[in-house]
Amino acid sequence: MADRRNPPNTELRAVRELEFQMSRQEFAKRVVATGEDIGEPVGCTSRLIAAWEDGDVGCPRGVYQRILTAMTGRSMHELGFRPATRPRPVPPASGAYGQEQEEPVHRRVFLFDGAGAALALVPLGSRLEKKASRIGVGDVRAVDQAVTTIYSHDHGSAALRRDAAAALHTVYQWLQDGTYTAKTGRKLRSATGHLSIAAGWLAYDSGRAADARSLYGEALAAARIADDPGLEAHSFGCLSLLAKASGRPREAISAAQGAQSAVRTYGSPRMLSLFAMREAGGWALMGDSPATDRAIVRAHHLYAKGPTDADPDWLEFFNPGELAGLEALARADLDQHERAAAGAEQAVLLHGDQFARNRALYTADVAIHHAVRERPEPEAAAEAAGRALAYLPEVRSDRLLQSLHNVESALQRHSRVPAVSDWLERYRTTTGAS
């Protein structure tokens, strides 16, 4: 098997550091701003810039190619990228992937426009052929890079899910048949747990709750074996999120409390803040307003303590916008729709140019809250719904499509309002919904 890992992209890094004199985060913001200037909205982050520069992604998707060329005046080759020359795969006939065809909402094929051809996915390279050989630090690092690559892409395409599953299968073979020291074994077990969580995130975002639950459970087992409290907390936090999404509030509360217990002395108030907010979501789903408020206050207090060196890389998404957004979700479950709408709008604003998927989901929430509040505001709901719909097809997410479907259901009662009627027509035309 050919090695799919690319060498580090020193050309792009030199352009960023020497010509633009920017950090990765600053460069990511410039990418987003340039995209807006040329009518190509994207959700670039520093993690994606790192994936480009480290060689985890051989060549960015077409939209990023156009943006980078507009930013720098250079071709992809001049920026150090190596565009794939393999032919674009022909989509399989219906049913070829079994469960891959199960989707909760009707959508057009453009939502999956060649993701498999555009991605140099999980970068284990020639190590995929390694079976019972010696496992070393370089192999563990390759698994960590695979996790980074998964999180660097702003969609959960079928191709990415298959690659993540294949990588996870390979790493489990290493654990089962490979030779390694006790120290390397613990590191490999932890890295495997983080890969399971990344794969679980892809499953969750694609509406495959059972698969996500299994993968999060595997990550929790890996954490216990490796004695890794950070991974244990991350696993519990994901299980809490999944339990709430599946309508199991008691389980969501217990898992969130388990996450907080695991990292009580870890040294990361921001992690504790996230898990306190997960707990708040469970209490809200149970309808316990006082317990929800206590957990929210605790979350804000912990967040205000600021970042620390103990904060893991995956916590990057938990910014002030996400804090506001999670509180808005809890308020919505308590039927406090006016506060929820204001909080979701605040989340969108605070996210700024980052995390397009989260902005899209919270914008859809704003539309729903305006539609179902005690005194509905259908025009405001239609305006927010239009902003949410504009994220397609750039943001590929079954959760977003389901949210838009929920927006449609909420707006049906106001279909005689011209602005709402216009949006409903746009929604059906854009998504192909019947």
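This is a predicted model: local features need pLDDT of at least 70, side-chain atom pairs count only at pLDDT 80 or more; totals for chains, interfaces and linings use all residues.

Q: How close do Arg24 and Glu53 get, N to O?

A: Their side chains meet in a salt bridge at 2.9 Å. The pair links distant parts of the chain, with Arg24 in helix α2 (residues 24-37) and Glu53 in helix α3 (residues 46-53), 29 residues apart.

Q: And how accessible are Arg24 and Glu53?

A: Arg24 has a relative accessible area of 24%, so it counts as partly exposed. Glu53 is down at 3%, so that one is buried.

Q: What does Glu345 pair with in a salt bridge?

A: With Arg387, again through the side chains, at 2.9 Å from N to O. Glu345 sits in helix α15 (residues 337-351) and Arg387 in helix α17 (residues 378-389), so this pair ties together parts that are 42 residues apart in sequence. Glu345 is partly exposed at 24% relative accessible area, and Arg387 is partly exposed too, at 28%.

Q: How many salt bridges does the structure hold?

A: 18.

Q: Ok, zooming out. How many helices and strands are there?

A: 19 helices and zero strands. The protein has 434 residues, and 55% of them are buried.

Q: What about the surface, how much of it belongs to carbon and sulfur atoms?

A: 51%, out of an accessible surface of about 19300 Å².

Q: And the contacts? What share comes from residues 24 or more positions apart?

A: Taking the contacts with a separation of 6 or more, 69% are between residues 24 or more positions apart.

Q: Let's pick a helix. How far does α10 reach from its first C-alpha to its last?

A: It reaches 24 Å over 17 residues, close to the 24 Å expected at 1.5 Å a residue.

Q: How many residues of α10 are buried?

A: 13 of the 17, so α10 is largely enclosed by the rest of the structure.

Q: What caps the N-terminal end of α10?

A: Asp228 does: one of its side-chain oxygens lies 3.2 Å from the backbone nitrogen of Gly230. A polar atom of the Asp228 side chain is also 3.1 Å from the backbone nitrogen of Leu231.

Q: What's the nearest side chain of opposite charge to Asp228?

A: That's Arg186, 9.6 Å away. Asp228 is buried but has no salt bridge.

Q: What comes after α10, at Gly247?

A: Gly247 follows the helix with a positive phi, near 80°.

Q: Which residues other than glycine have a positive phi?

A: Gln21 is one of them, with phi near 50°. It's in the loop between α1 (10-19) and α2, and Gln21 is exposed, with a relative accessible area of 64%. Another is Asp335, where phi is near 65°. Asp335 lies in the loop between α14 (320-333) and α15, and it is exposed as well, at 59% relative accessible area.

Q: Last topic, the backbone at Leu392 and Pro393. Is that peptide bond cis or trans?

A: The bond from Leu392 to Pro393 is cis, with omega near 0°.

Q: And where does Pro393 lie?

A: In the loop between α17 and α18 (398-411).

Methods:
Residues are numbered from 1 along each chain as its sequence is written. Side-chain values use heavy atoms; hydrogens and water are left out. Buried means under 20% relative accessible area, exposed over 50%, partly exposed in between (1.4 Å probe, protein chains only). Lys and Arg count as positive and Asp and Glu as negative; His and the chain ends are not counted. A salt bridge is a side-chain nitrogen of Lys or Arg within 4 Å of a carboxyl oxygen of Asp or Glu. A polar contact is a pair of N or O atoms within 3.5 Å; within protein, one must be able to donate a hydrogen and the other to accept it, and residues adjacent in sequence count only if both atoms are side-chain atoms. Helices (H or I, at least four residues) and strands (E, at least two) are DSSP runs, numbered from the N terminus. Contact means heavy atoms within 4.5 Å. Accessible areas come from the Shrake-Rupley method with a 1.4 Å probe; for residues, only the protein chains shown count as cover. The expected span of a helix is 1.5 Å times one less than its number of residues.
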